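Here are my notes on this model, point by point. Please read them with the structure open.

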Amino acid sequence: MEQRISLITLGVADLARARAFYERLGWRGQEIEQTVFFQAGGLVVVLWSRGKLAEDASITDRGDDGFGGIALAHNVRTSDEVNGVLAEAADAGATITQPARQTFYGGYAGCFADPDGHIWEIAYNPGFTLAPDGSLTLPDFKQP
């Protein structure tokens, strides 16, 4: 198996509400067969009915929150950008779950939940350099 992620699918309670939320954040999606696709750098974020997602995976959906033990991360280039993205998210209807604060790794980060409860971390990490297109390449973590 190649080491990459191609799509992240978020199971949502109300597709129209979820799409409107992400579009208020400035994202532009395409809807095909009750599924919304957003190009997000080198991968795709997909919005799909939570029930259909559970059925497709042959699992029982045990709740109506979007946490599910998963957080999506959006890294930015400065601490000020963290504050700006969190403000945009709140204006779009997100719930700020963790206000921006200094992190243990010397960065700055905060979190929000979208209308379906999916958690997004907005982070500035001085050890992670972002390319002009927003892609992130991990540094070499080898210890001396």
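1. A salt bridge here is a side-chain nitrogen of Lys or Arg within 4 Å of a carboxyl oxygen of Asp or Glu. By this rule the count comes to four salt bridges. Keep in mind that the model is predicted.

2. Start with Asp-116 and Arg-17. Their closest N and O atoms are 2.9 Å apart in a salt bridge. Asp-116 sits in the loop between strand 7 and strand 8, and Arg-17 in helix 1, so the pair ties together parts that are 99 residues apart in sequence. Arg-17, at 34%, counts as partly exposed.

3. Arg-19 pairs with Glu-31 in a salt bridge, with 3.1 Å between the closest N and O atoms. This pair links distant parts of the chain: Arg-19 belongs to helix 1 and Glu-31 to strand 2 (residues 29-32), 12 residues apart. Arg-19 is partly exposed at 21% relative accessibility. Glu-31 is partly exposed at 43%. A network of salt bridges links Arg-19, Glu-23 and Glu-31.

4. Asp-61 and Arg-50 form a salt bridge at 2.6 Å, N to O. Asp-61 lies in the loop between helix 2 (50-56) and strand 5, while Arg-50 is in helix 2, 11 residues apart. Asp-61 counts as partly exposed, with 35% relative accessibility.

5. Now the core. The largest nonpolar core has 23 residues. Among those with the most contacts inside it are Leu-10, Phe-21, Leu-47 and Phe-112. Elements that give two or more residues to this core include strand 1 (7-12), helix 1 (15-24) and strand 8 (119-124). Helix 3 provides the largest share, five residues.

6. Which residues lie nearest the centre of the largest pocket? They are Ala-40, Leu-43, Ala-73, His-74 and Gly-134, from a lining of 26 residues. The space in this pocket is about 940 Å³. By class, the lining has 15 nonpolar, seven polar and four charged residues. Strand 5 gives the most to the lining, with six residues.

7. Last, Pro-99. Its place is in strand 6 (residues 95-102). Pro-99 is exposed, with a relative accessible area of 52%. Beyond its neighbours within four places in sequence, Pro-99 is in contact with Ala-109 and Gly-110. The C-alpha atoms of Pro-99 and Leu-86 are separated by 8.2 Å.

Definitions and conventions. Residues numbered from 1 in each chain as written. Predicted model: local features only at pLDDT ≥ 70, side-chain atom pairs only at ≥ 80, totals over all residues. Heavy atoms only, no water. Helix = DSSP H or I, 4+ residues; strand = E, 2+ residues; numbered from the N terminus. Buried < 20%, exposed > 50% of the residue type's maximum accessible area, 1.4 Å probe, protein only. Contact = heavy atoms within 4.5 Å. 1 Å grid on protein atoms, 1.4 Å probe; cavity = no way out; pocket = protein on both sides within 12 Å on 5 of 7 lines; lining within 4 Å. Points joined across faces, edges and corners; volume = space filled by probe spheres on them. Nonpolar A, V, L, I, M, F, W, Y, C, P; charged D, E, K, R; others polar. Core = buried A, V, L, I, M, F, W, Y, C linked by side-chain atoms within 4.5 Å.
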